[in-house]
Structure formats: C-alpha cells, structure tokens
Amino acid sequence: MFIETEQVMKENTIHARRAFADGLYTVMEGRRKIYDALREEYINPEKAAADRETYRRDFTNMLGWPLTEYDTLKDTPMALKKTYRYDVYNAKAYAMEFEVLPGLWAYALYFESKTEGEVPFIIAQHGGCGNPEAGAETFEANNYNGMVRRSATFGDGANVLCPMLIMWPDRFEPAPNDKEDEGYSRSRIDARLKQVGSSITAIEVFAIRRMLNYFIGEGIAKKGHIGMLGLSYGGFYTTVTAAVDTRINAAYSSCQYSDRYRYGREDWIWGDNASRFLDAEVASLIAPRPFFADEGDRDDLFDYRAFLSECERTVPFFEAAGAKDNFKYRTFDGTHEFAKDDEGIAFVYNAIK
C-alpha cells in the first residue's frame with residue numbers, strides 16, 4: 001500500500017483548500033451580479049422618491065423585531081433611572097438607564113445644556129470597542145476628537161444624548177454565570193437574535209428610538225430640531241436610525257459609510273439584503289432630510305475610495321428627492337477618527353437649530 005509522505009499530504013491539502021476558497025469567491029462574485037440586478041429592479045432613485053414609506057417598512061422588516069412592532073411597543077411603560085454625574089461642556093451630565101423592553105435596560109450619558117432657552121437635541125453615537133464615556137472623552141483624549149464636547153458647545157449649544165451599544169471587547173467584562181460559553185460576544189448575540197426574528201441592530205435602534213421618545217415627551221427634543229451623528233459603528237447606527245426614524249432631522253456618519261460588499265460584518269448583513277439595501281439604498285430613506293458623510297483619507301479600516309464610490313451611488317437618490325444639496329460628502333486629512341474640523345457638526349447643527 002502506497003502511503004504519501006506528510007509533506008505531500010500537506011501540499012495536497014493546502015492546494016485543495018485554496019482551490020475551494022478561490023471557488024467560493026468566484027461563486028460570490030457571480031451571485032453579487034445577480035443581486036445587483038435584483039436590487040436595481042427593486043429600488044432606484046425614482047421608485048424611492050415615489051414611495052419612500054413602503055421601502056422604509058421593508059427595511060424595518062429586514063432588520064427585524066422589535067422594530068417591526070414599534071408602533072405597539074413604543075407605548076409600553078418604560079422605567080427610568082437618572083443619576084447626576086458631573087458638570088462639563090457647559091452642561092450637567094447624567095447617567096441614565098431606560099427599560100426599553102421588559103427586563104432590558106439600556107444605558108446612556110446625557111448632557112443637559114446650561115444655555116438658557118431652547119437648544120437643539122443631538123444623539124452622539126460611539127463606535128466599536130467604545131462606550132458613552134469614551135465618546136465623551138471622560139477619561140482621556142481619543143479618536144473621537146471631542147465629538148461630544150463639540151456637539152454640546154457648537155453654536156448656542158445643544159442637549160446631547162450618548163446611548164451605549166454592546167461594543168466592548170469580551171475580555172472587558174466577565175461572562176454571565178449561565179452564559180460562560182458565550183460571554184458578551186456581539187456576533188454570537190446577534191446570531192441568537194436572528195434565530196428568533198430579531199438582530200442586535202434592531203434591538204439597539206429600537207432602544208435609541210425609545211430613549212428619543214422620552215426626551216420628546218419631556219419637551220427636551222423638539223420636532224424639527226433633532227440630529228444624530230457618530231463615528232465608525234456610531235456612523236453606521238446614525239445612518240440606519242435616521243433611515244428608520246424620520247423624527248431625526250439631520251444626520252452625520254463619519255468613517256463608516258462604504259461598500260458593503262467589501263466591508264460586510266455579520267451584524268451589517270441580513271439575509272439577502274444585497275437584493276434590496278446596501279448603503280446607498282439605506283441612505284435613500286434619509287432623503288430628502290440632510291445627510292453628511294465623510295471618511296479619512298488615511299483610514300486603515302475603510303478605504304476612502306470605497307466610500308467615494310458608494311457616495312456617488314447615493315447622489316441620484318437625493319437628486320430624485322429634489323434635495324441634491326442635502327447630501328454632502330467629503331474625504332478629510334485623517335485616519336479612522338472623527339474629523340477635527342467642524343464641517344460635519346455645523347452641517348447638522350445648522351439644519352436643526
């Protein structure tokens with residue numbers, strides 16, 4: 001009986017693995033061409049302009065529960081905890097917890113402006129491996145470059161809400177006693193939620209919307225004066241939340257808007273969403289409201305060229321909505337960071353002041 005040497009076996013196995021993997025990419029490329037055609041048939045600038053609410057409903061259904069039942073669940077009694085933390089950025093900072101669903105408490109930092117009279121309301125969303133304190137630079141300077149401080153103090157000031165997303169690395173938190181095999185893995189939680197018709201995105205967007213309900217009910221967030229902005233994952237949530245919730249009057253996504261074929265994490269993908277919604281189609285649901293997007297020209301996570309390509313696909317959607325000037329995009333001299341200049345903040349602030 002002939003027995004191959006260990007080296008020959010390894011070489012054969014490596015060859016087979018590479019051949020199979022290369023074949024998968026060939027198959028994917030072919031499927032993408034099919035799905036691009038399906039998406040172009042499903043939605044285009046003219047169709048989106050003519051029936052935006054139907055597409056918004058379809059997008060919400062794609063994200064899943066509880067957004068699919070928002071109109072019913074939004075009136076569920078919501079318990080609240082509010083604790084004063086400190087004074088900073090011409091504001092009083094509070095730690096707040098909202099029971100957005102029975103047994104589900106969502107945390108946020110809230111900066112209540114000391115400016116007399118009414119001021120705009122801005123949701124400032126942190127990104128991956130972050131939290132509200134990081135976004136607010138509570139402990140140290142970082143790549144948010146004063147995102148919260150500048151939002152709170154721009155112009156005449158603003159009330160700023162910083163919701164928490166489940167973004168921390170697993171090692172930062174102990175696993176629940178009965179979930180030691182999973183810990184707090186975002187991807188695993190997302191997979192479990194998708195098994196039951198939900199997704200981590202649906203849950204977190206729902207939580208942001210319920211928080212917004214509270215501030216609108218308190219007369220703090222006023223109709224026509226609500227904006228949202230964020231860095232990285234925060235930019236993703238800004239785009240998606242503004243697409244779903246028309247009460248957000250202007251949005252600014254930094255260092256995340258891009259080609260979802262090239263940059264497609266598990267929690268940015270739902271079923272066969274390429275046949276309906278990639279980033280440009282999601283942004284079409286923000287139109288005709290003002291939307292600003294930017295990308296660092298030295299970002300080591302997202303190639304600015306992929307960003308520019310998706311922005312070019314987005315322009316016709318705003319043109320068809322009669323709001324060409326309401327979509328602004330640019331690259332800036334920087335890395336994966338919230339831009340150090342105020343162009344994006346000014347864009348949002350001036351739209352909602």
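**Close-up 1. Tyr89 in the loop between strand S1 and strand S2 of a predicted model.** Tyr89 sits between S1 (80-88) and S2 (91-101); strands are DSSP runs of E with at least two residues, helices are runs of H or I with at least four, and both are numbered from the N terminus. Its phi is near 55°, a positive value in a residue other than glycine. Most residues other than glycine have a negative phi, and most peptide bonds are trans. Tyr89 counts as buried because its relative accessibility is 18%; buried means under 20% relative accessible area, exposed means over 50%, and partly exposed lies in between (1.4 Å probe, protein chains only). Residues are numbered from 1 along each chain as its sequence is written. As the model is predicted, local features need pLDDT of at least 70 and side-chain atom pairs count only at pLDDT 80 or more, while totals for chains, interfaces and linings use all residues; side-chain values use heavy atoms, with hydrogens and water left out.

**Close-up 2. Cys129 in the loop between strand S4 and helix H5.** The loop that holds Cys129 runs between S4 (121-125) and H5 (132-135). Phi of Cys129 is near 60°, again a positive value in a residue other than glycine. Cys129 has a relative accessible area of 59% and is therefore exposed.

Close-up 3. Pro66 is in the loop between helix H3 (52-63) and helix H4 (70-73). Pro288 belongs to the loop between helix H10 (279-283) and strand S8 (291-296).

**Close-up 4. Ser275 and its contacts.** Ser275 lies in the loop between strand S7 (250-254) and H10. With a relative accessible area of 9%, Ser275 is buried. Ser275 touches Tyr35, Leu38, Arg39 and Tyr42, leaving aside residues up to four places away in sequence; contact means heavy atoms within 4.5 Å.

**Close-up 5. A nonpolar surface patch that includes Phe20.** Phe20, Leu24, Tyr25 and Met28 make up the patch, with about 460 Å² of accessible area together. Patch residues have over 30% relative accessible area and no salt bridge, with like charges joined within 9 Å and nonpolar side chains (Val, Leu, Ile, Met, Phe, Trp, Tyr) within 5 Å. A salt bridge is a side-chain nitrogen of Lys or Arg within 4 Å of a carboxyl oxygen of Asp or Glu. Accessible areas come from the Shrake-Rupley method with a 1.4 Å probe; for residues, only the protein chains shown count as cover. Phe20 is in helix H1 (residues 6-42), and Phe20 counts as exposed because its relative accessibility is 58%.
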